[in-house]
Amino acid sequence: MSHKERILHSILFELVALVLMTTLATLITGNDASKMAGLALFMSLIAMGWNYAYNFIYDKLFGADRINRTLAVRVAHGLGFELGMLVLTLPVLMWALQMDFWTVLIMDIGLVVFFVVYAIVFNWAYDVIRQRVFTRLPN
């Protein structure tokens, strides 16, 4: 995957995640949607940087043949990404929501579970669509 495509991948991933995260955060916390949208946008910016770095390293370690990755490799990929996100975002969420460590940790674990599934589904769909688009392009 080229650097330009990796950036496109990250932006698409985060746009969909932004909508989902804002909606869920508003429902779960009861906070104002605009506050949750701002927090979700900041979290998305963190995630975009992490997404780029993590996937660059992951492709170097496990190869660039993304279409033939097994379910186990995809699950490991999603779990590793979300663990990194947990470490990066927990302090931000505690500060922004003014909640204690354990409350935010439980909320964040719930989001991690959701986003592990989301990451697997999104990346798998992206890879399949990408493969179909590139095989139809003229040489």
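Read along the sequence, the protein chain follows the pattern α-α-α-α. The model is a predicted one, and it contains four helices and zero strands. Taken along the principal axes, the C-alpha atoms of the protein chain fill a box of roughly 55 × 25 × 20 Å. Buried residues account for 37% of the 139 residues. Among contacts between residues at least 6 apart in sequence, 68% join residues at least 24 apart.

Helix α1 comprises residues 3-29. At 1.5 Å a residue, its 27 residues should span 39 Å; the C-alpha atoms at its ends lie 36 Å apart, in agreement with that figure. The buried residues of α1 are E5, R6, H9, S10, F13, E14, A17, L18, M21, T22 and A25. The elements covering these buried residues include α2 (33-62) and α4. Just after α1, G30 adopts a positive phi of about 75°.

Two packed helices are described by the angle between their axes and the distance between the axes. For α1 and α4, the axes come within 11 Å and cross at roughly 145°, and the crossing is right-handed. By class, the contact of α1 with α4 has 17 nonpolar, three polar and two charged residues. On the α1 side, the contact is formed by E5, L8, H9, L12, F13, V16, A17, L20, M21, L24 and T29. Their partners in α4 are M107, L111, F114, F115, Y118, A119, F122, N123, Y126, R130 and F134. Several residues of α1 that take part in this contact, including E5, H9, F13, A17 and M21, are also listed among the buried residues of the helix.

Helix α4 (residues 101-136) also packs against helix α3 (residues 71-97), with axes that come within 8 Å and cross at roughly 140°. In this pair, α3 passes α4 in a right-handed crossing. The contact of α3 with α4 has, by class, 17 nonpolar, four polar and four charged residues.

How values were computed: Residues numbered from 1 in each chain as written. Predicted model: local features only at pLDDT ≥ 70, side-chain atom pairs only at ≥ 80, totals over all residues. Heavy atoms only, no water. Axes fitted to C-alpha atoms, helices over the stretch in contact; angles between N-to-C directions. Helix = DSSP H or I, 4+ residues; strand = E, 2+ residues; numbered from the N terminus. Left-handed = near helix turned anticlockwise from the far one by under 90°. Nonpolar A, V, L, I, M, F, W, Y, C, P; charged D, E, K, R; others polar. Expected span 1.5 Å × (residues − 1). Buried < 20%, exposed > 50% of the residue type's maximum accessible area, 1.4 Å probe, protein only. Contact = heavy atoms within 4.5 Å.
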